[in-house]
Structures are given as C-alpha cells and as structure tokens.
Amino acid sequence: MIYIRGGAADGLYCVLKGAVRLSGTSMRGKEATLDLLEPGQWFGELSMIDGLPRVHDAWAHVASRVVLLRPAHFQSLLQTHPSFARHLLLLQSSRMRALLAGVEAFLVRPGEELFAVRLLDLASHYGTQTNRGVEIDLPLPQDLLSQLVGVSRQRVSQILRLWEQEAIISQHYGHIIVLDLARLKLVAGA
C-alpha cells in the first residue's frame with residue numbers, strides 16, 4: 001500500500017517502474033479499481049493541491065518503484081517555478097477529460113465494447129509483442145478486470161471465454177495474450 005483513502009497528503013508520487021492501482025472500497029467492502037498507472041504517471045496531486053484527505057487508495061499492483069515529492073518540496077516548486085503549476089493544471093485537465101470520456105463510455109457503450117477498449121489500453125501500455133501476439137505484462141484476475149470495466153465478474157468470464165473460442169485472446173492464470181489485435185479493435189469500435 002502506498003497510501004489510503006482518508007490519509008493526509010504526504011506528497012506527490014510518480015510511478016518509475018511497475019504499475020500502481022488506484023482503488024476505493026465501499027462500506028460493504030466492495031472494491032472498485034479506478035485505474036492502473038504506468039511508469040511516468042504522477043498521482044496523489046489532488047490532495048496536494050486542495051490539502052484535503054486522500055480520496056482513494058493507492059497500491060503497488062506488481063513490484064513497483066515510485067518517487068515521492070514531499071509537501072515542502074512541492075510547495076517550493078510551486079513558488080519558485082510557475083511552470084510547475086501549469087503542468088499540474090494540464091495533469092488535472094487530462095484526468096478530467098479521461099474521467100468524462102469514461103463516464104460517457106460507461107453510459108453508452110455495451111460491456112463487451114468497454115472491455116475491449118480497456119484491454120487495448122492495457123495492451124498498449126503493458127504489452128510486449130511475442131510470437132503469439134501481444135502479451136500483457138500484468139496479472140489481470142477477473143475480479144480486477146470486472147472492476148476496471150464496471151461489469152460483473154461473471155460477464156467478464158463469459159466475454160473472455162467467447163474471445164478465447166474466437167481466437168482473439170488467450171488467457172492463463174490471470175495473464176492475457178491478445179492473439180488478434182485487429183479483431184479486438186473491431187470489437188472496441190476502433
């Protein structure tokens with residue numbers, strides 16, 4: 001765990017290696033994975049900007065390395081380098097656009113299409129080309145996939161089985177290889 005919901009802002013983080021999972025848990029214990037962050041992505045800026053507690057949990061999804069910019073250094077950068085504030089605004093703008101696009105997609109796209117879009121995104125950020133296809137270098141259990149897409153685990157299982165039968169993907173113990181990228185893009189409407 002990197003930080004927890006409700007925790008104080010201890011700094012701004014950047015993923016250097018691995019993957020960081022942003023998530024939240026309801027009062028009933030149901031977890032929702034909001035995003036998987038790749039190397040080069042900053043996170044935790046919201047609490048650093050407004051001074052309020054963390055709004056989600058941040059976990060290392062795999063062995064990861066992150067860098068922490070402490071609050072004093074954060075404030076110093078804001079005061080001495082106005083361009084840093086501009087970069088924070090751009091980061092927030094990018095996050096807001098992604099959030100709005102995600103909400104829109106969730107409201108208008110069917111589950112299979114949403115899942116295909118998410119899998120393509122994961123393949124582009126964490127995929128390695130092999131002789132079989134694009135292997136996603138992350139463990140992706142079905143419960144995590146269902147959280148990322150917003151459909152039930154059972155529906156994820158059905159879609160994965162269908163895509164395996166159609167030779168679009170191959171899966172083995174939470175690892176996925178995209179065998180036919182063109183067909184997955186077709187399913188995604190891309």
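Leu-36 is found in strand β3 (residues 31-37), where helices (H or I, at least four residues) and strands (E, at least two) are DSSP runs, numbered from the N terminus. This is a predicted model, in which local features need pLDDT of at least 70 and side-chain atom pairs count only at pLDDT 80 or more, while totals for chains, interfaces and linings use all residues. Residues are numbered from 1 along each chain as its sequence is written, and side-chain values use heavy atoms, with hydrogens and water left out.

- Is Leu-36 buried or exposed? With a relative accessible area of 7%, Leu-36 is buried; buried means under 20% relative accessible area, exposed over 50%, and partly exposed in between (1.4 Å probe, protein chains only).
- Leaving aside residues up to four places away in sequence, Leu-36 touches residues including Val-20, Arg-21, Leu-122, Tyr-126 and Leu-148, contact being heavy atoms within 4.5 Å.
- Leu-36 and Ala-60 are 24 residues apart in sequence, and their C-alpha atoms are 9.4 Å apart in space.

**The sheet of three strands**

- Strand β3 belongs to an open sheet of three strands with the order β3-β2-β5 and antiparallel pairing; two strands pair if DSSP finds at least two bridges between them.
- Since β3 and β5 (57-60) stand at the edges, each with a single partner strand, one side of each is left without a neighbour in the sheet.
- Neighbouring strands of this sheet are turned by 30° against each other on average, direction ignored; axes are lines fitted to C-alpha atoms, for helices over the stretch in contact, and angles run from 0 to 180 degrees between N-to-C directions.
- Strand β2 (residues 20-25) is joined to β5 by four bridges, and the two run antiparallel.
- Which residue in β5 is the bridge partner of Arg-21? That partner is Trp-59.

**Helix α5**

- Helix α5 (residues 142-149) lies across β2 and β3, and runs at about 85° to β3.
- Ser-146 has its place in helix α5 and is buried, with a relative accessible area of 11%.
- Not counting residues up to four places away in sequence, Ser-146 touches Val-151, Ser-152, Arg-153 and Val-156.

**The sheet of four strands**

- Another open sheet is formed by four strands in the order β7-β8-β10-β9, with antiparallel pairing.
- The edges are taken by β7 (127-129) and β9 (169-172), each with a single partner strand, so one side of each has no neighbour in the sheet.
- On average, neighbouring strands of this sheet are turned by 25° against each other, direction ignored.
- Helix α4 (residues 111-126) packs on the sheet and touches β7, β8, β9 and β10, its direction making about 95° with that of β8.
- Two bridges join β8 (residues 134-136) to β10 (residues 175-178), and these strands run antiparallel.
- Val-134 stands opposite Val-178 in β10, and Glu-135 stands opposite Ile-177 in β10.
- Four bridges join β9 to β10, which run antiparallel, and Gln-171 stands opposite Ile-176 in β10.
- There are two residues between β9 and β10 in their hairpin, and Tyr-173 in the turn has a positive phi of about 50°.

**Leu-107 on helix α3**

- Leu-107 is found in helix α3 (residues 82-108).
- At 65% relative accessibility, Leu-107 counts as exposed.
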